[in-house]
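Open the model in your viewer and get ready to select residues.

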Amino acid sequence: MLVNSAKFVVSALKPEQYPRDRRPEFAFVGRSNVGKSSLQNTLLRRKELARTSSTPGKTQTINFFDINGAFYFVDLPGYGYAKVPKSMKDAWNKVMVAYLQNREPLRMVAALVDARHAPTERDHHMLHILEEAEVPTLIVATKVDKLKRSQRARQLALIRRNLGIGDDGMVIPFSAVTREGVRELWQVVEDLL
Ligand code: GTP
Ligand code: MG
């Protein structure tokens, strides 16, 4: 995909604030700090379009990015970050679920899991929400650059098994550092456009 333009459009909390032009949307979910914003910046070749941080909980609203005037990337708040008050987590969660369950232009959700760890309870919960909402979902295993060669196959197999992904299901290994997985992810997006 040739990215000619990538622009931040709106930071939304309510459906009234979402874009109204019905262009296709691709959303990114996963626990706090898993690398959602970094992945989007990497795909778009923009350094800090989606704000990243080593402090979990950076993204707190639904951020829409207009790509080539043709479709949107949607950066969602991370879940599972322990250090914010429960009331705040509940509020973020509501915002996110409202978006995922009722968004007609939503073509696909990339669900990110950290390649180094087994998927969490919260990851399973999110996948359940996506399944219920019947949104096409792609699993992406992030930060694969942090795995040693010897760990790699084992970790990816563990993730597949843990999430019940059969031989025909896709798990894309990804790294914002080495750009591994960029081509594969764009291919999926292009196929859905
Ligand atoms: P929230 O907005 O808090 O939910 O986090 P996020 O999922 O958007 O994560 P973000 O992209 O901000 O990245 C979190 C941290 O992980 C940052 O310090 C990134 O530099 C780092 N990181 C992200 N992707 C990678 C990767 O592929 N490899 C390595 N080594 N570090 C990464
Ligand atoms: Mg983020």
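Helices (H or I, at least four residues) and strands (E, at least two) are DSSP runs, numbered from the N terminus. This is a predicted model: local features need pLDDT of at least 70, side-chain atom pairs count only at pLDDT 80 or more, and totals for chains, interfaces and linings use all residues. Residues are numbered from 1 along each chain as its sequence is written, and side-chain values use heavy atoms, without hydrogens and water.

Select T142. This residue sits in strand β6, residues 137–142. Is T142 buried or exposed? T142 counts as buried, because its relative accessibility is 2%; the cut-off for buried is under 20% relative accessible area (1.4 Å probe, protein chains only).

Now show what surrounds it. Leaving out residues up to four places away in sequence, T142 touches V34, L112, V113, D114, A115 and F174. Touching here is contact, with heavy atoms within 4.5 Å. Zoom in on V34: its backbone oxygen is 2.8 Å from the side chain of T142.

Next, select all of β6. Of its 6 residues, 5 are buried, so the strand is largely enclosed by the rest of the structure.

β5 and β6 pair in the parallel sense over 6 bridges; pairing takes at least two DSSP bridges between two strands. Find A111, whose bridge partner in β6 is I139.

Go to strand β7, residues 171–173. β7 runs parallel to β6, joined by 3 bridges. Look at A141: its bridge partner in β7 is P173.

Conventions. Chains are lettered from A and ligands numbered from 1 in the order in which they are written. Buried means under 20% relative accessible area, exposed over 50%, partly exposed in between (1.4 Å probe, protein chains only). A polar contact is a pair of N or O atoms within 3.5 Å; within protein, one must be able to donate a hydrogen and the other to accept it, and residues adjacent in sequence count only if both atoms are side-chain atoms.
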